[in-house]
Amino acid sequence: MISRNFYFQLVIRVISLAINALLIAFTLFQEYYAWVIILVFIFLSQTLLLIKYLNQNNRKIAFFFNSIKNEDFTLSFPEQGNAKSFNELNHSLNSFNTMMQKVYIKNQAQEKYYQEILNQAEIGILTFNAKGHILFANPKVEKLLNYTPLNHLKQLALVDEELYEMFNDLTSFERRLFQLTNERETIQLVIKSNEIILNQEILNLVTIQDIDSELDKKETDSWMKLIRVLTHEIMNTVTPITSISESILNYYVNENGILPLEQLDESKIRLTAKGLEVIKEQGKDLMSFVQSYRSFLNVPNPDKEIIDVKKLLEKIKVLINPETELPKISIHHTNSEETIEIFADEKLVTQVLINLTKNAIQALKGIEDGKVSLISGTTDKGKKYISVVDNGPGIPPENMNQIFVPFYTTKNDGTGIGLSLSKQIMHLHGGSLTVHSVPYKETSFSLFF
């Protein structure tokens with residue numbers, strides 16, 4: 001509607017100019033010079049009015065968009081007292097201005113909301129550009145680095161020169177550990193870097209996290225789990241000893257004291273012997289449990305050497321197969337064209353692989369077409385690994401977080417030391433032991449070196 005009125009006004013003015021131009025030509029041809037002067041004056045006036053008409057709209061629209069650009073939404077155009085087309089144009093501009101103001105307020109509210117989330121985050125976050133100017137740093141990063149305000153990377157040199165050099169060397173998707181020492185404390189920081197593009201500018205987004213608190217929490221949780229397991233195992237052993245000892249004591253003592261010999265019969269003596277036998281067995285179990293605990297604490301430091309993984313797995317296969325009625329254990333190498341070698345203690349790694357392979361075999365009891373595979377290879381990131389894979393019932397999700405806790409076991413005859421000991425051996429090698437389980441499809445324990 002607005003463009004139609006504007007178009008109509010413009011057409012009328014152009015037609016008027018054209019008619020006036022024809023009249024000037026006609027009067028000039030008829031030599032009516034007085035009329036020529038008058039018509040020329042009118043023509044010039046119409047031209048100026050047309051220019052003013054067009055410029056009025058152009059200036060208004062330009063002024064309007066300059067206000068929007070400068071985030072000034074107080075501008076308002078009169079919607080009464082002008083030509084109908086101008087009133088409608090002013091109304092549309094005012095409506096658009098109101099809509100832009102609402103969008104701006106909404107974006108400001110969202111920005112404040114996200115800003116508050118970043119300020120409350122327990123992870124330090126900062127962004128900086130190619131020139132080292134820090135565009136954003138939340139309070140957590142300033143607290144971790146004990147420096148405020150952070151405006152440029154050069155300020156990190158005042159915190160720690162090595163930290164500043166590390167930031168200069170950070171590349172995208174890189175993760176580094178850094179130990180920061182200041183006058184208050186020494187903390188372990190995990191620093192991760194990423195690249196983002198904002199307004200056609202490449203920025204570095206860096207997150208900084210203090211892992212000491214997380215390590216303390218995990219250590220506390222591990223101790224709590226260990227204490228629960230130890231308490232459970234010890235109580236299971238000591239409770240029968242206490243109960244049987246009390247029963248035996250009642251055979252020989254009453255409220256009046258020790259019974260005389262003539263009141264003892266053969267049945268009480270036999271029951272006493274059986275009770276002592278049970279106490280003896282329980283004592284042996286408790287000693288075996290303590291011995292397992294001692295072996296867990298006394299793992300020797302690895303005596304490392306270069307080991308050919310293919311030969312190692314062939315050795316494991318030979319050691320395990322005589323003990324099982326399953327089909328022969330298969331061995332696969334994902335990088336068959338390469339000779340994979342690891343730098344490790346062969347005895348300790350052999351102990352881990354035998355333990356994991358035996359666990360896999362035990363899990364396949366009663367499973368038709370049970371298979372155990374030993375797989376070696378190299379990951380995309382260059383890490384060498386050995387996996388023990390079976391297609392047994394797997395590990396229930398509720399047990400997944402417990403299986404590496406010392407002395408935790410779901411087996412009736414298990415000590416609960418094997419997996420935790422295997423994990424400790426891998427830690428001593430600077431590697432890791434992980435588990436992945438899909439019931440009746442694939443359960444794998446992987447050693448990463």
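Is Ser422 buried or exposed?

1. Ser422 is buried, because its relative accessibility is 3%. The classes are set as follows: buried means under 20% relative accessible area, exposed means over 50%, and partly exposed lies in between (1.4 Å probe, protein chains only). Ser422 sits in helix H11 (residues 418-428). Beyond its neighbours within four places in sequence, Ser422 is in contact with Val352, Asn355 and Leu433, where contact means heavy atoms within 4.5 Å.

2. On the basis of the note: this is a predicted model, in which local features need pLDDT of at least 70 and side-chain atom pairs count only at pLDDT 80 or more, while totals for chains, interfaces and linings use all residues. Residues are numbered from 1 along each chain as its sequence is written, and side-chain values use heavy atoms, with hydrogens and water left out. Helices (H or I, at least four residues) and strands (E, at least two) are DSSP runs, numbered from the N terminus.

3. The structure holds 2 salt bridges, a salt bridge being a side-chain nitrogen of Lys or Arg within 4 Å of a carboxyl oxygen of Asp or Glu. One of them joins Glu174 to Arg176, with the closest N and O atoms 2.6 Å apart. Arg176 has a relative accessible area of 26% and is therefore partly exposed.

4. Glu346 forms a salt bridge with Lys315, and here the closest N and O atoms are 3.5 Å apart. Glu346 belongs to helix H10 (residues 346-363) and Lys315 to helix H9 (residues 309-320), so the pair ties together parts that are 31 residues apart in sequence. Glu346 is partly exposed at 25% relative accessible area, and Lys315 is partly exposed at 36%.

5. Phe26, Tyr32, Trp35, Ile38, Phe41 and Ile42 make a nonpolar surface patch of about 670 Å². Patches are made of residues with over 30% relative accessible area and no salt bridge; like charges are joined within 9 Å, and nonpolar side chains (Val, Leu, Ile, Met, Phe, Trp, Tyr) within 5 Å. Areas come from the Shrake-Rupley method with a 1.4 Å probe; for residues, only the protein chains shown count as cover. Helix H2 (residues 33-69) gives the largest share of the nonpolar patch, 4 residues. Tyr32 is in the loop between helix H1 (2-29) and H2, and is partly exposed at 43%.

6. A surface patch of negative charge gathers Glu161, Glu162, Glu165 and Asp169. Asp and Glu count as negative, Lys and Arg as positive; His and the chain ends are not counted. The place of a charge is taken as NZ of Lys, CZ of Arg, CG of Asp or CD of Glu. Glu165 is in helix H6 (residues 161-169) and is partly exposed, with 42% relative accessibility.
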